[in-house]
Amino acid sequence: MSSNFDINLTIKVAKLPEDFSAMRSVRAAVFQLEQGIEPELDFDGKDETSDQILAYMNAQPIGTARIRYLDDRTAKIERLAVLPIARGKGIGKLIMEKAIALAAQKKMQEVIIHSQEYIQRLHQKLGFEPEGAVFEEAGIPHVKMRKTLGSTY
């Protein structure tokens, strides 16, 4: 496997509807094709009322996440997806950092996630603490995790 350090990486808050197809293509590739999740479970009608983060490498969409605001103090980061060709480069961590910073900017006091169990360590490195037992969501083991936002962001 060769590594290319000459990449142009951009992580931005998406604008809907113009960025919807880029976000949809990443999520469809990861959740539907790779993980076998039904499209109606992934695209649940909540994207239009959420903030979306998009990552581009060399102008190609390669990662995404969405932020839903559950109430005036709690945000939920969901649908974190990075294409296989872009994994292992810290892009998921950068997307999460951007999403956490956006939640903090909107004065959220905490962020919750339902982390797929296999990437729980990534979220712990970002300050998320596991809560409760492992559960299944869309047939995949998940862990509920929570992060209190402070003056870090």
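Buried means under 20% relative accessible area, exposed means over 50%, and partly exposed is in between (1.4 Å probe, protein chains only). The model here is predicted, so local features need pLDDT of at least 70 and side-chain atom pairs count only at pLDDT 80 or more, while totals for chains, interfaces and linings use all residues. Residues are numbered from 1 along each chain as its sequence is written, and side-chain values use heavy atoms, with hydrogens and water left out.

**Exercise 1. Find S115, decide whether it is buried or exposed, and list what it touches.**

Step 1: Look in strand β5, where S115 has its place. Helices (H or I, at least four residues) and strands (E, at least two) are DSSP runs, numbered from the N terminus.

Step 2: Check the accessibility. S115 counts as buried because its relative accessibility is 2%.

Step 3: Collect the contacts, meaning heavy atoms within 4.5 Å. Leaving out residues up to four places away in sequence, S115 touches Q120, H123, P141, H142, V143 and M145.

**Exercise 2. Describe the largest nonpolar core and say which element gives the most to it.**

Step 1: Know the term. A nonpolar core is a set of buried Ala, Val, Leu, Ile, Met, Phe, Trp, Tyr and Cys residues joined through side-chain atoms within 4.5 Å.

Step 2: Size it up. The largest one has 33 residues, and I77 and F128 have the most contacts inside it.

Step 3: See who contributes. Elements giving two or more residues to this core include α1 (20-34), β4 (74-82), α3 (91-105) and β5 (110-116). The top giver is α3, with 8 residues.

Step 4: Zoom in on I77. Not counting residues up to four places away in sequence, I77 touches A65, R66, I67, M96, A99, I100, V111, I112 and I113.

**Exercise 3. Follow α3 from its span to the residue just after it.**

Step 1: Take the span. With 15 residues, α3 reaches 21 Å from its first C-alpha to its last, close to the 21 Å expected at 1.5 Å a residue. The expected span is 1.5 Å times one less than the number of residues.

Step 2: Pick out buried residues of α3, including I91, G92, I95, M96 and A99.

Step 3: K107 sits in the loop between α3 and β5, and has a positive phi of about 65° although it is not a glycine. With 65% relative accessibility, K107 counts as exposed.

**Exercise 4. Where is R27, and which side chain does it join in a polar contact of 2.9 Å?**

Step 1: Go to helix α1, where R27 is found. R27 is buried, as its relative accessible area is 0%.

Step 2: Find the partner. The side chains of R27 and D42 are joined by a polar contact of 2.9 Å. Such a contact is a pair of N or O atoms within 3.5 Å; within protein, one must be able to donate a hydrogen and the other to accept it, and residues adjacent in sequence count only if both atoms are side-chain atoms.

**Exercise 5. Which residues does the cis peptide bond join, and where is P17?**

Step 1: Most residues other than glycine have a negative phi, and most peptide bonds are trans.

Step 2: Spot the cis bond. It joins L16 and P17, with omega about 10°. P17 has its place in the loop between β1 (9-13) and α1.
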